[in-house]
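Trainee: Could we go through this structure together, with the cut-offs stated as we go?

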Amino acid sequence: QQFLTDKYIFPFCLTDEGSSFQRQPVSFTVDTLLFHPSEEDKLLAYSKEAKVSDESVGQHRLMQELKRTFESQIVIFTLPLTLFTCVFFCLSPGYLYVTCLIQNCSDKMVTAQFLGKIDHNSLSVQDEHIFVKVTTGNRTKYYVSYRRNEFVQMRFPKYALPKDVQIVSTDENQVFLALQEWYQTDTYNLYQSDPQGVYYSIVLENVRSTKQPEENVLIDILEVRGIKGVFLANQKVDGKVMTLITYNKGRDWEPLAPPTSDMNGKPVSCKQPDCHLHLHLRWADNPYVSGTVHTKDSAPGLIMGAGNLGSQLVEYKEEMYITSDCGKTWRQVFEEEHHILYLDHGGVIVAIKDTSIPLKILNIDEGQTWSIHNFTSTSVFVDGLLSEPGDETLVMTVFGHISYRSDWELVKVDFRKSFPRQCTEADYDSWKLTDLQGEKCIMGQERMYRRRKESSFCIKGKSYTSALTAKPCQCTEKDFACDYGFERAPSLRVEGDRCYPDFWHDPDAPPENCHLGHSYKSSTGYRKVITNVCEGGLNKEQSAKQHSCPLLAPKGLQLGIKGQMLAVGPGDDITFIVHQEQGDTTSTRYQVDLMDGVRTIYENLTITDEPIQHRYEKPGVYRVNVKAENSAGHDQATLYIQVTAPLQDVHLEVVPIAGRNQEVNLTAIVLPTEANLTVFYWWIGDNLQPKLTLENSLIARFSEEGEVPVTVQASNGRSMVQDSKTVIVYDQFQVIPLSFSRNLDRFNPNIPEWRQDVGQVVTKIILTGVPQDSLVTMVKPGLPTTADLYVLPQESTPVKRSPDYITEHELQNCDRKNYKNHGSLLRPEESSLTRPWLRFRKLPGRNVYAQMHNEKEQEMTSPVNHSEDTQNIIQGEEFIDDDLDSQTLGNAGSRSKFSYPRPGIGNFGPGGPLSCRV
């Protein structure tokens, strides 16, 4: 059974080799399908919608939906008898790596696997290794977990300073990776590790690389399948690209030997050392070149690829070459590149051009002779070849299109009836693996393989095995590579490829995990190539000196929080995590001061214990300090914890009208008023760069007339709130200070909404014979209640000329007529008012009046501190209550008296400021 996916609809299941298709409905868009490692009728489906599903043929069950409002990414991998899912939970600007059992993956069941945040899309699971990347500032560190143990920082040469790392291979308990160092742009250096994947030594410099769409990076290196330890790589030096091969996992590299004749049997003029064979490996600049070399696990020694002969690789040349002895000798088979497919353990090779020619080529003798077959009656542009599962299969599918506008065409080809019989032992002979120098001992052993005779026309079948014998060799110098911190000097190879320590490395220094009472060996500069099985002979590790582990002072102490939330609320549970990179841990005491009176001493504290749990009840800033100390020295780490409640709201207090180039006070009032550690971001006008303050006020100036938007954001690490206002800037205008009766203070809750409503009412009272947009009243925060009346130019938009001021005659008319006709804050001449403009809450047992009276001019009242804003709010009743009896404000027949300065006095125009007593 197989599955095909329609990205926009459903997966399709086929159980009868493609004769029929059955749509499998699911409740989400399938992005990736992963088959169960042991139960072939089950698979897992992954969706970018953050859903994980357990699928069985014929039924669908959504096991767990990870409901997240933030971005998540799921990577599924297997462990013995257990299936896990790894999830990134977005915590900008980084991600947390957590795991959970897929059968019960809820918020409470996830487990943090790494201390701190990791980079987005940096989690990589390959075989027994898990890799993550952490970027801090301009430095990047890489960590590895071997066999699902704790993460350890990967150790590269001290001054490699990696810009990027790409994992090449993790076969046979060793990591091969490509590392781009700080000075490289289009090349990478190739490194290999110790078994745990922690310590790395360089094996090849300047491997070519390229960036693909979506920022994917391809490294021009290929692991040859079928024979372990063999790699091909394209090295770029001085602009020239050459193909190299290694038979011992990168210890030695050599260029490929050219064939002696071309495909027609004519001698070639390519002679070493100036001319070699070069192959396109992972990619090519020409988009019509596939750029792949074809190898197969069940066909050891068989390599086929496109390339050219010469001093360097040429991108537009795509001649096809083949070798059946793992690169020792090569033959040219085609002048143009073909699609290649191995069938029956490499016993059948299918080669098809991607043009519309309907002729297909078939080979059964490892590229010696080729026969032509017509698989289709019409011309087909070939896009690729697929084989059925199993190395022994003789069934393939050709997919392509008849024209560039047509849909895909699938052509199934079955070669089983073309072969009369199964192969027997008499149909095979043997060959020995050697390198380019003829050396038979490769990776510590002599290996012999079987292959079908050229004259045998038979099927290898499912029971075929390629390996015959493997005989261990005695160890020689070539079985050892340079250890971590050592390099081979090319200029000194006459001395036998000697490994020299780098200037920054001390070979006798104890390792970081060396504990008192244990011992360690100082490096001789050499280590046996991993998976090399040589026996006896030379042992370049034998002269290593044995040392007792000294007591090492703690170093690299780190203090973190599970979840990485440095801002928490009062009463929240916090789990502190202590990690020590170097030094002894068994005899080290850890003194922990939580800064709220709690002090504790721990012994043998490690990263996996997570013993420090605490809860802060009071808001504030707490400096948590951990000191690690033993008789050899000490180290300490500090962490600042902000304990604060989330912000609920912010109100921007600013005058609605401002003078050009005059100072304007911007004030942000936040709730709750006891909020601490608040940072204010101020955006003024169209400027995208905000001003930051720790105070809740800012002095600003506006140099141009017009409307200026002002926005403030308040943030305290746990939340962010915002408010915006618009300030209209004029070159000239008037300001009239207003004061009110003390009785009005009883109804002033000192909140923005009340001040805004009262300001609108005052403006409506005064408006008589004056355009509505010429007056603006702003009630000021605080008590006693005061306000400013802004008198604006008659035009609706700001202009740079003297405004038309209200005349004394208009003010007198306002005194005589306005209050009579409009009521509002004054008692009208009528005995009762059926629809008063404003009603105040009645206090029990009292009648409340606001009186218009003549008093001494009241001084301007500045805004109060935002912590006192709500001290006079009267609780429990609505601010305006239409069910209460109407209470008119002022005494019957009272009049408003205005003091009007003569023109030419004041700072805001020729008329100067006006004052009004209400």
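Predicted model: local features only at pLDDT ≥ 70, side-chain atom pairs only at ≥ 80, totals over all residues.

Trainee: What percentage of the residues in the chain is buried?

Mentor: The chain holds 2 helices and 67 strands, where helices (H or I, at least four residues) and strands (E, at least two) are DSSP runs numbered from the N terminus. Buried means under 20% relative accessible area, exposed over 50% and partly exposed in between, with a 1.4 Å probe and protein chains only. Of the 918 residues in the chain, the buried share is 47%.

Trainee: What length does helix α1 reach from its first C-alpha to its last?

Mentor: Helix α1 covers residues 752-766, 15 residues in total, and the expected span of a helix is 1.5 Å times one less than its number of residues. Among its buried residues are W754, V758, V762 and I766. The expected value for α1 is 21 Å, and the model comes close to it with 22 Å.

Trainee: Is N748 buried or exposed, and which side chain does its own side chain contact?

Mentor: N748 sits in the loop between β63 (734-739) and α1. Because its relative accessibility is 0%, N748 counts as buried. A polar contact is a pair of N or O atoms within 3.5 Å; within protein, one must be able to donate a hydrogen and the other to accept it, and residues adjacent in sequence count only if both atoms are side-chain atoms. At 2.9 Å, the side chain of N748 makes such a contact with the side chain of T785.

Trainee: How far apart in space are Q312 and K240, C-alpha to C-alpha?

Mentor: Q312 lies in the loop between β26 (303-310) and β27 (319-323), and it counts as partly exposed because its relative accessibility is 26%. Leaving aside neighbours within four places in sequence, Q312 is in contact (heavy atoms within 4.5 Å) with G239, K240, V241 and H278. Although Q312 and K240 are 72 residues apart in sequence, their C-alpha separation is 5.8 Å.

Trainee: Which residues lie nearest the centre of the second largest cavity?

Mentor: On a 1 Å grid over the protein atoms alone, a cavity is a set of points where a 1.4 Å probe fits but cannot get out, and lining residues have an atom within 4 Å of a point. The second largest cavity is lined by 14 residues, and those nearest its centre are A299, P300, E366, R451 and K460.

Definitions and conventions:
Residues numbered from 1 in each chain as written. Heavy atoms only, no water. 1 Å grid on protein atoms, 1.4 Å probe; cavity = no way out; pocket = protein on both sides within 12 Å on 5 of 7 lines; lining within 4 Å.
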